[in-house]
Amino acid sequence: MNHRVAVRARHISNKLRDEARFFRSWMENPLKTGAVSPSGPALSKLMAREAELDRDGPVVELGPGTGVVTKALVARGIDPARLVAVEYNPDFCVLLHRRFPNISVVRGDAYALKTTLKDVERGSLASMISSLPLFTRPPAERRALLKDALDLLQPGAPFIQFSYALVPPVPAISGEFTVERSPWVLMNLPPARVWIYRKG
């Protein structure tokens, strides 16, 4: 087996293992995992593209799972030392530590950001990228999460969220925050879109 074939075989093997991990996690707790498989490459790249590299400060990823969006963020050029991954699943935390030894992995509840990121200064984050299954939570919990996230972000910095829905996970509130949407990512299964929230 030549080197190129071996690398391709290893990639396929890792992808299948990740699919199995995700599916097992979803079976054990569907409200926490929210999806039966990781985001596809096109969706991951789009989410990473919305992160603002020219801002100083940490970049936080919520619900990184097996690290497909993390990989896209690093490929985009974000220094791994700037990345903070907040993951609830302990098995995924171990996997993230192994795959991305230079990022900070925080095991905790993203829906309790004030506690989970208690050492993060308000208004200090450059971007926040979320793969959380927001539609599994009541609207009030979604709004509370977004409010806490926007308080931690620099003025105008993006909170980036994907979903499979036609409507945003949290509708814009005039005078509080705006929301923009991407076109549908049809190459993702199922098709998804990205929502970008900003304070103001």
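1. Contacts of alanine 172. In this predicted model, alanine 172 touches Phe177, Thr178 and Val179, leaving out residues up to four places away in sequence. Alanine 172 itself sits in the loop between β5 (159-163) and β6 (177-181).

2. Exposure of alanine 172. Its relative accessibility is 44%. Arginine 198 is 26 residues away in sequence; the C-alpha to C-alpha distance between alanine 172 and arginine 198 is 9.5 Å.

3. Leucine 166. The loop between β5 and β6 also holds leucine 166. This residue is exposed because its relative accessible area, 66%, is over 50%.

4. A nonpolar surface patch. Leucine 166 belongs to a nonpolar patch on the surface, alongside Phe135, Val167, Trp184 and Leu186. Together these residues have about 520 Å² of accessible area.

5. Glutamate 87, the charge. Glutamate 87 is part of strand β2 (residues 83-87). Which side chain of opposite charge is nearest to glutamate 87? It is arginine 107, at 7.6 Å. Glutamate 87 is buried, yet has no salt bridge.

6. Glutamate 87, the surroundings. Its side chain reaches the backbone nitrogen of glycine 65 at 2.9 Å.

Terms used:
Residues numbered from 1 in each chain as written. Predicted model: local features only at pLDDT ≥ 70, side-chain atom pairs only at ≥ 80, totals over all residues. Heavy atoms only, no water. Helix = DSSP H or I, 4+ residues; strand = E, 2+ residues; numbered from the N terminus. Buried < 20%, exposed > 50% of the residue type's maximum accessible area, 1.4 Å probe, protein only. Contact = heavy atoms within 4.5 Å. Patch = residues over 30% accessible without salt bridge, like charges linked within 9 Å, V, L, I, M, F, W, Y side chains within 5 Å. Areas by Shrake-Rupley, 256 points an atom, 1.4 Å probe, with all protein chains shown as cover. Salt bridge = Lys/Arg side-chain N within 4 Å of Asp/Glu carboxyl O. Lys, Arg positive; Asp, Glu negative; His and termini not counted. Polar contact = N/O pair within 3.5 Å; in protein donor to acceptor, adjacent residues only side chain to side chain.
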